[in-house]
Amino acid sequence: MKHKKLDDFPENFLWGSASAAYQIEGAWNEDGKGKSIWDDFAKIPGKTFENTNGDVAVDHYHKYKEDVKLMAEMGLKAYRFSVSWSRIFKDGSGELNKDGLKFYENLVDELLKYNIEPILTLYHWDLPAALQDTYGGWESRKVINDFKNYCIALYKDFNGKVKYWVTFNEQNVFTSLGYRFAAHPPNVTDIKRYFNANHIVNLANAAAIKEFRKYVPNGKIGPSFGMGPVYPYDCKPDNILAQQNAEEFFNHWWLDVYCFGRYPKSILKYLGEFQIAPDIQDGDMELLQSVKPDFIGLNYYHGGTVKACTENKNDRKSEDGRFIDPYLVNNLDCEAPESGLFSSIKNPYLKTTAWNWEIDPDGLRIAMRRLTDRYNLPILITENGLGAIDKLEENDVVNDDYRIEYLRAHIRACREAITDGVELLGYCTWSFTDLLSWLNGYKKRYGFVYVNRDEYSEKDLRRIKKNSFYWYKKVIETNGKEI
């Protein structure tokens, strides 16, 4: 689709950036905070790069005022952050921890002081460890009520101050990596448990949105989904069918539940043939169909390309035959139980990052078009960014022009999508400051602000503005006209 002229970004467009509690806060056991499943998992030898963990991270818990001041200097319109559930309820339920809640109250007030819109994520992967230990976390339906009560506590406290809320961050990622590939907690490799846990998260998401309508009637809420469009390898009919299967398996499996309250029939039936479909009880589908999000949060990094499955294994490998990044393990090969659906394959037309993630700004536009056509909801880009190895040079200079190039292309895709008719609320980069990359330590950096630390030393944790900081500041000043 070629346009004679591209539309401008809306006047109230939310130019933002994003983070997650475990990746930035540190202070893992301060002010009454309980342990999360990541506090334990990251200390299992070999699970993270150089055995890094979030005990200190980039110390945002103590440096939040400095960080927010930098956001204000940049002119940020919105900041998406997550709340650590175990800061609010040490054991996931019971007595509310007022000291933990106070940190987030102070953070929100600091953001509002600079007219920065807070976007609050209720769950970004850090389940209270006590709930995992007591009843198995997301594998037990008991977690639905505990999550609902945790959400209500935040709804009550921040009603009137926080307009935009995200229920779950990348449910497709934390369930698959946690319950299928043991790359995340709870360190499980059981495909049946994976689909069951995912179903319970869906129920918790619906329960949280249902309560939200009571306590925050003027707010907006939706899940944040890690999505990329799936391409067929070529126009061979078998490969077109494989693409349809993969799109339903990777995207519709979650988004149809969020927006329609139902699972795709073809995938549900197929999983049933292997006896790995989720256990659906009476009343489950009624709950899922009783709510609908106000927007779709889109985390976009890359999509995928597939062909019909053959005897050959998945070839989305690096040249030495190994995946470069653990976050690519959810690309299925032909030995998987559901391998009759498709096989992932490298896209020959796309370049990749240092971590083998495909770079595809057109895919962002395609993703938004597909979301709009299927669900007809506003979209908020809740994450998009480039993980790279940044070098701190003399005089505190970080030349990250490659990040500018990456973001420029994706912002251009956003403007093209708006011109196509997509209702786009905002664009949050990942991330504002450098942070702990869950499995890749501090080597993989995403921020506009360099944090002076590495895997081996906290150094002085100084905040240093990269070249991209000044570039994004200009983007915001011109509302996307100068990129």
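**Close-up views of a predicted model**

**View 1. Packing of helices H14 and H15.** H14 passes H15 in a right-handed crossing, a term used when the near helix is turned clockwise from the far one by less than a right angle, anticlockwise being left-handed. The structure is a predicted model, in which local features need pLDDT of at least 70, side-chain atom pairs count only at pLDDT 80 or more, and totals for chains, interfaces and linings use all residues. Residues are numbered from 1 along each chain as its sequence is written, and side-chain values use heavy atoms, with hydrogens and water left out. Helix H14 spans residues 401-420 and helix H15 residues 467-477; their axes come within 8 Å and cross at roughly 25°. Axes are lines fitted to C-alpha atoms, for helices over the stretch in contact, and angles run from 0 to 180 degrees between N-to-C directions. H14 and H15 are therefore roughly parallel to each other (angles under 35 degrees; over 145 is roughly antiparallel, 65 to 115 roughly perpendicular and the rest oblique). Helices (H or I, at least four residues) and strands (E, at least two) are DSSP runs, numbered from the N terminus. From H14, Asp401, Arg403, Ile404, Leu407, Arg408 and Ile411 meet Asn467, Ser468, Trp471, Tyr472 and Val475 of H15, where contact means heavy atoms within 4.5 Å. The residues of this contact comprise 6 nonpolar, 2 polar and 3 charged (nonpolar: Ala, Val, Leu, Ile, Met, Phe, Trp, Tyr, Cys and Pro; charged: Asp, Glu, Lys and Arg; polar: the others, Gly among them).

**View 2. Packing of helices H8 and H9.** The axes of H8 and H9 are 9 Å apart, and the helices pack at an angle of about 150°. H8 passes H9 in a right-handed crossing. In H8, Gln171, Phe174, Thr175, Ser176 and Tyr179 meet Arg193, Tyr194, Ala197, Asn198, Val201 and Asn202 in H9. The residues of the contact of H8 with H9 divide into 5 nonpolar, 5 polar and 1 charged.

View 3. Thr167 is found in strand S4 (residues 164-169) and counts as buried at 0% relative accessibility (buried is under 20% relative accessible area, exposed over 50%, partly exposed in between, with a 1.4 Å probe and protein chains only). Its side chain forms a polar contact of 2.6 Å with the side chain of Asn205. A polar contact is a pair of N or O atoms within 3.5 Å; within protein, one must be able to donate a hydrogen and the other to accept it, and residues adjacent in sequence count only if both atoms are side-chain atoms. Leaving aside neighbours within four places in sequence, the residues in contact with Thr167 include Leu122, Tyr123, Phe147 and Ile221.

**View 4. Surroundings of Ala367.** Ala367 lies in helix H13 (residues 361-375) and is buried, with a relative accessible area of 0%. Beyond its neighbours within four places in sequence, Ala367 is in contact with Met227 and Pro229.

View 5. Most residues other than glycine have a negative phi, and most peptide bonds are trans. A cis peptide bond joins Pro185 and Pro186, with omega about 10°; Pro186 is in the loop between H8 and H9. The bond from Trp430 to Ser431 is also cis, with omega near 5°, and Ser431 is in the loop between strands S11 and S12. Asn376, not a glycine, has a positive phi of about 55° and counts as exposed at 64% relative accessibility. Leu461 has a positive phi near 55° but counts as buried at 8% relative accessibility.
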